[in-house]
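Hi there,

Here is the structure I promised to pass on to you. Have a look at it first, and then read on for what I found.

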Amino acid sequence: MKPLARYASLNGYLELCRSLGVDPVPLMRSAGLDPSGLALQDRWIPAAAIAHLLEQSVEASGHADFGVRLAERRQFSNLGPLSLVVREEPDVRSALRVLTRYTHTYNEALQTRMSESNGLATLRVELDVGEATETRQSVELAVGVLHRLLRGFLGGGWKPLAVCFPHPAPADAATHRRLFGPVVNFDHEFAGIVIDAGDLAEPNKMSDPLLRRYTQQLLESWEPSDDVTIVSRVRELIELLLPTGRCSVEQVARSLGVDRRTVHRRLAESGETFSTVLDATRVELAERMVANPRLSLTEIADVLAFSAPSNFSRWFGGRFGCSPSRWRAQRTGDTG
């Protein structure tokens, strides 16, 4: 299974393309992405498709700093619910620990490692999209976003000791220097940021102690600590993964940060299996979507990951006792 990332990874993409005189729609479609999906920030898409899109955007725009420019447009809220937790950690070290541990909740291809030595703290960014493809822009986007997060934690006047990229410098590195300062290094052994280890003990300037209890409860909800949590989390992930065509117990387990057997075991403890949760989620979504006359049955079949509308109709008939078109007509009062 190739790693996935949320559409939130492309927040600001449309606006950046248009500011550079580029039509983003054909670029997204050529990368296998749905432009309308940008309105669904929590929808999962292949991380490799994002990497392809960013590289194509460089060619279309003529700007080799596309990934860095996109990082400038990212907001802290693009981390989704994780942003609430990270923001309220009391100091920079704890905020970074939460960020590195739960990166998989918004991007499965991305991993950030933190180490300390000789008064320095090194944050290494590693990206694996599951296939051999160019990821320069994706790496620069990830490092740029991390840099913005650190400035949020430490204040606008903070500066890193070094910002590193493993690839060669672009012909014009003005945007990199403007964003990172004169400490940007290319052709380095790793991608990431080096800071003074003392910065880790600094108070998180975004933190509100009154909200910390709430955010800790939110953090705990991401751990499969009881039966209710694991079932609800699996249902949530199934709903997010179904439209990608990659909804499997293996993918759900990866998103939860556990192995497949753990998911099966925890579901069994609550009297469920992956198949029963998947079917129940499909039933709930189907009932909701078929009741919406603006959605075609073909679209619904696609979202629910059926290979053909006829397969969806047979499944629906077995669950609801009639065809989806008849069920819709009864609900809307359209008998003609």
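This is a predicted model: local features need pLDDT of at least 70, side-chain atom pairs count only at pLDDT 80 or more; totals for chains, interfaces and linings use all residues.

**The overall picture**

The protein has 16 helices and 7 strands. Of its 336 residues, 49% are buried. If you take the contacts between residues at least 6 apart in sequence, 69% of them join residues at least 24 apart.

In soluble globular proteins, nonpolar side chains tend to be buried together. Here, the largest nonpolar core has 68 residues, and Leu10, Tyr13, Leu150 and Phe153 are the ones with the most contacts inside it. Helix α7 (residues 136-154) gives this core its largest share, 10 residues.

**The aromatic rings**

The model holds 10 aromatic pairs. One of them is Phe312 with Trp315: the ring centres are 6.2 Å apart and the planes are at 25 degrees, under the 30 degrees that counts as stacked, so this pair is stacked. Both residues belong to helix α15 (residues 309-320), where being 3 residues apart separates them by about one helical turn. Phe312 is buried, because its relative accessibility of 0% is under the 20% cut-off. Trp315 is buried too, with a relative accessible area of 11%.

Now compare Phe316 and Trp327. Their ring centres are 5.9 Å apart with the planes at 80 degrees, so this pair is edge-to-face. Phe316 is in helix α15 and Trp327 is in helix α16 (residues 324-332), so the pair links distant parts of the chain, 11 residues apart. Both Phe316 and Trp327 are buried.

Which residues do ring pairs link into a cluster? They are Phe306, Phe312, Trp315, Phe316, Phe320 and Trp327. One of these rings also has a charge over it: the charged end of Arg282 sits over the ring of Phe306, 4.3 Å from its centre. Elsewhere, the charged end of Arg124 sits over the ring of Phe190, at 4.2 Å from the ring centre.

**A helix with a buried side**

Next, look at helix α12 (residues 260-269). Its buried residues are Thr262, Val263, Arg266 and Leu267. They span an arc of only 125 degrees around the axis, which means that they lie on the same side of α12. Just after this helix, Gly271 takes a positive phi of about 80 degrees.

Finally, find Ala169, in the loop between β5 (162-164) and α8 (174-180). Is Ala169 buried, partly exposed or exposed? Its relative accessibility is 44%, so Ala169 counts as partly exposed. Leaving out residues up to four places away in sequence, Ala169 touches Arg136 and Phe186. The C-alpha atoms of Ala169 and Asn185 are 8.1 Å apart, while the two residues are 16 residues apart along the chain.

Enjoy exploring, and write back with any questions!

Best wishes

Terms used. Residues are numbered from 1 along each chain as its sequence is written. Side-chain values use heavy atoms; hydrogens and water are left out. Rings of Phe, Tyr and Trp (its six-membered ring) pair if their centres lie within 6.5 Å; planes under 30 degrees apart count as stacked, over 60 as edge-to-face and the rest as tilted. Helices (H or I, at least four residues) and strands (E, at least two) are DSSP runs, numbered from the N terminus. Buried means under 20% relative accessible area, exposed over 50%, partly exposed in between (1.4 Å probe, protein chains only). A charge sits over a ring if NZ of Lys or CZ of Arg is within 6 Å of the ring centre and within 35 degrees of the ring normal. Contact means heavy atoms within 4.5 Å. The arc is that of the directions from the helix axis to the C-beta atoms. A nonpolar core is a set of buried Ala, Val, Leu, Ile, Met, Phe, Trp, Tyr and Cys residues joined through side-chain atoms within 4.5 Å.
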